[in-house]
Amino acid sequence: MVALQIRDVPEDMRDRLAAIAGERGQSLQAYLFDLLSDEVRRRDNLAVIEGFSAGRYRARLDTADVLDALRTGREERDAALGVPEGGE
């Protein structure tokens with residue numbers, strides 16, 4: 001593993017980041033590591049989404065299949081939660 005260093009961080013910014021980390025029960029280092037990890041994961045997710053929109057991946061489902069699966073999943077969820085039909 002490598003070490004990274006960020007120079008010229010204003011003290012008030014460092015203090016605020018440390019406070020946020022403390023609120024989450026983390027050290028500043030752990031909090032910043034989580035922030036960086038989340039950013040990399042989002043970029044990876046965006047690359048996959050862009051791949052789909054560019055046609056690099058072939059989906060086996062059409063829009064109707066996806067909408068039907070969503071509707072079925074929502075109905076099952078609502079039934080498990082005791083939500084009356086129609087969501088009222």
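Trainee: Which helices each supply at least two residues of the lining of the largest pocket?
Mentor: In this predicted model, the helices that each give at least two lining residues to the largest pocket are α1, covering residues 11-23, and α2, covering residues 28-53.

Trainee: And which one gives the largest share of that lining?
Mentor: That is α2, which contributes 6 residues to the lining of the largest pocket.

Trainee: How much space lies in the pocket, and which residues are closest to its centre?
Mentor: The largest pocket holds about 670 Å³ of space. It is lined by 15 residues, and those closest to the centre are Leu4, Gln29, Leu32, Phe33 and Leu36.

Trainee: How do the lining residues divide into nonpolar, polar and charged?
Mentor: The lining of the largest pocket has 12 nonpolar residues, with 2 polar and 1 charged making up the rest.

Trainee: Let's step back to the whole chain. What does the secondary structure come to?
Mentor: The protein chain has 3 helices and 0 strands, and reading along the sequence gives the pattern α-α-α.

Trainee: What radius of gyration does the chain have, next to a compact globule of 88 residues?
Mentor: The protein chain has a radius of gyration of 22 Å, whereas a compact globule of 88 residues would come out near 12 Å. Along the principal axes, the C-alpha atoms fill a box of roughly 55 × 40 × 25 Å.

Trainee: What percentage of the residues is buried?
Mentor: Buried residues account for 3% of the 88 residues in the protein chain. The accessible surface of the chain is about 8100 Å², and carbon and sulfur atoms make up 55% of that area.

Trainee: Back to the helices, then. How far does α1 reach from its first C-alpha to its last?
Mentor: Helix α1 has 13 residues and reaches 18 Å between those two atoms, which is close to the 18 Å expected at 1.5 Å a residue. Just after α1 comes Gly25, with a positive phi of about 75 degrees.

Trainee: What span should α3 have?
Mentor: Helix α3 takes in residues 63-81, and because its 19 residues should span 27 Å at 1.5 Å a residue, the 27 Å between its end C-alpha atoms agrees with that expectation. The residue that follows α3 is Gly82, whose phi is also positive, near 75 degrees.

Trainee: Which residue other than glycine has a positive phi near 60 degrees?
Mentor: Asp8 has a phi of that kind, and its place is in the segment before α1. For context, most residues other than glycine have a negative phi.

Trainee: Is Asp8 buried or exposed?
Mentor: Asp8 counts as exposed because its relative accessibility is 77%, and the cut-off for that class is over 50%. Ile6 is also found in the segment before α1, and with 68% relative accessibility Ile6 counts as exposed too.

Trainee: How far is Ile6 from Glu85?
Mentor: Their C-alpha atoms are separated by 54 Å, and Ile6 and Glu85 are 79 residues apart along the chain.

Trainee: Changing topic, where is Arg42, and what does its accessibility make it?
Mentor: Arg42 belongs to helix α2, and Arg42 counts as partly exposed because its relative accessibility is 46%.

Trainee: Last one, where does Asp62 lie?
Mentor: Asp62 sits in the loop between α2 and α3, and its relative accessible area of 44% makes Asp62 partly exposed. The C-alpha atoms of Asp62 and Asp44 are separated by 24 Å, and these two residues are 18 residues apart along the chain.

Note on methods. Residues are numbered from 1 along each chain as its sequence is written. This is a predicted model: local features need pLDDT of at least 70, side-chain atom pairs count only at pLDDT 80 or more; totals for chains, interfaces and linings use all residues. Side-chain values use heavy atoms; hydrogens and water are left out. On a 1 Å grid over the protein atoms alone, a cavity is a set of points where a 1.4 Å probe fits but cannot get out, and a pocket is an open set with protein on both sides within 12 Å along at least five of seven lines; lining residues have an atom within 4 Å of a point. Grid points are joined across faces, edges and corners, and a volume is the space filled by probe spheres set on the points. Helices (H or I, at least four residues) and strands (E, at least two) are DSSP runs, numbered from the N terminus. Ala, Val, Leu, Ile, Met, Phe, Trp, Tyr, Cys and Pro count as nonpolar, Asp, Glu, Lys and Arg as charged, and the others, Gly among them, as polar. The expected span of a helix is 1.5 Å times one less than its number of residues. The radius of gyration is taken over C-alpha atoms; the globule rule is 2.2 Å times the number of residues to the power 0.38. Buried means under 20% relative accessible area, exposed over 50%, partly exposed in between (1.4 Å probe, protein chains only). Accessible areas come from the Shrake-Rupley method with a 1.4 Å probe; for residues, only the protein chains shown count as cover.
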